[in-house]
Amino acid sequence: MDRQNGVEFRLWIVIIRCDVYGLLKLMYARLDYFSQEIVDEIVHHVEDARDIAKLSVTCKSFQETGYNVRSMHVKVLNEDHEWARNLVDMSSPNSGLESRNLKDTVVNIIAKKHCIKQLCIEVEPRLQSKEVPENEGQRTDFWMSDPYFVRKWLPRAGATLQHLCIVDYGKQAIMRRSSVLKIISENCKLVKTLDLRNMYIDTSDCGVMTSMVSMTLRCVKVTVGTLDDMNTIMPNLQTLALLGVFGVEKGNLKFKNMKVLCLGLSTPAENVLMDLPSLEKLELKMQCPQDLRIVAPQLKYFAFNMKVPEESKVQVCCGDTTKVHATKDLPGGLLELLYGASSFGTFALRLERNRSNCKTLYVDIPCMALKEDGTFFTVSKDVSLNLPCFENLHNFEHP
């Protein structure tokens, strides 16, 4: 790419990102100066589905390249919802509106893409947080994990798809069980990363996804056997984040290649076993199970942030899976420790065991209660003030 074309290419990217559709029309005559390679690069730098659509009607070159975009972000906006709920007289010649269905529009957009590798379908936060009538939950027109809807578009994109994110409309989706994971396992054999949010996921009867290396579930409800199902569905998983997950009652996590795990269960489980020989980073920020056992001999970074009731049993296994230690005897190879439990009774022992290796220490003192939506509620009562002695912490780095 010569200097002149390089400057003009950067100019086009600025124009597109600013969404100046009129300027695209005015500069239509300059397209003869661009090679097909530059046209391809311009379009591939645009991810928003609406912007891609605008480019596609600008000229034939952009239209043809638009069919082959590698990455696309389909945003479901608050304006889309307001339009669907707007009681405008559609028969009026002055309304200027045409009847449309959101799901059909999404299907049509994806159907025109031939080799998409990265796709995100997201209901924007503004719509998620908006106050709506109680009967909103009875509708399904914005339910993005609707199995019938997903089966319409996913088989067309699944052959090339490697990264998929679906952020559903929680007010409609969280109470409706979806087989979206099963559909993904059947149609996306190359998918490597998966991010699902604000939905109710059924993990039964799923196929094996051998290419999957990263999985994120955020603010979702799951079926009882989800943890056990994951071992079979995603045997090569390396990163797993379960954040605000409801419905897990018990289960085992056994992944030989997993290196990063963030476990945030919002409902207390009976028992959870983690046998993860390659795990290096672990964050526990959740309701404590009645029985929690962790096997992680390679653990280097550990965030322990949960209240442990007296009736709960938490164990950590070091090296040999038959050698079980109490929570106070954490593995001795930690490089970084974040301690945020409600009691500091065993804190000094944890530091002593990891003193020779641990470089960074974070102490998180829980002193406030939060509402269900995560906002501040009140200062917690009975906060433990029996803090550990800090005289021996001079070898640690300051956070």
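Visitor: Is Lys 152 buried, exposed or partly exposed?
Guide: In this predicted model, Lys 152 has a relative accessibility of 31%. Buried requires a value under 20% and exposed a value over 50%, with partly exposed in between. Lys 152 therefore counts as partly exposed.

Visitor: With which residue does the side chain of Lys 152 meet in a salt bridge?
Guide: The N to O distance of this salt bridge is 3.9 Å, and the cut-off is 4 Å. The pair links distant parts of the chain, 48 residues apart, with Lys 152 in helix H9 and its partner in helix H7.

Visitor: Which residue meets Lys 103 in a salt bridge?
Guide: The N to O distance here is 3.0 Å. Lys 103 lies in helix H7 (residues 102-111), and its partner lies 43 residues away in the loop between helix H8 (125-129) and helix H9 (147-157). The partner is Asp 146.

Visitor: How far apart are the closest N and O atoms of Asp 195 and Arg 197?
Guide: Asp 195 is buried, with a relative accessible area of 15%, whereas Arg 197 counts as partly exposed at 26%. The two residues form a salt bridge, in which the closest N and O atoms are apart by 2.7 Å.

Visitor: Which residues are linked with Arg 85 in a network of salt bridges?
Guide: Side chains of opposite charge can pair when their charged atoms come close. The structure holds nine salt bridges. Arg 85 belongs to a network of them together with Glu 136 and Asp 141.

Visitor: Is Asn 198 buried or exposed?
Guide: Asn 198 is found in the loop between strand S5 (193-197) and strand S6 (200-201). Its phi is positive, about 60 degrees, although Asn 198 is not a glycine. The relative accessible area of Asn 198 is 17%, and the limit for buried is under 20%. Asn 198 is therefore buried.

Visitor: What is the phi of Asp 205?
Guide: Most residues other than glycine have a negative phi. Asp 205 is found in the loop between S6 and strand S7 (214-222), and counts as exposed at 63% relative accessibility. Although not a glycine, Asp 205 has a positive phi of about 60 degrees.

Terms used
Residues are numbered from 1 along each chain as its sequence is written. This is a predicted model: local features need pLDDT of at least 70, side-chain atom pairs count only at pLDDT 80 or more; totals for chains, interfaces and linings use all residues. Side-chain values use heavy atoms; hydrogens and water are left out. Helices (H or I, at least four residues) and strands (E, at least two) are DSSP runs, numbered from the N terminus. Buried means under 20% relative accessible area, exposed over 50%, partly exposed in between (1.4 Å probe, protein chains only).
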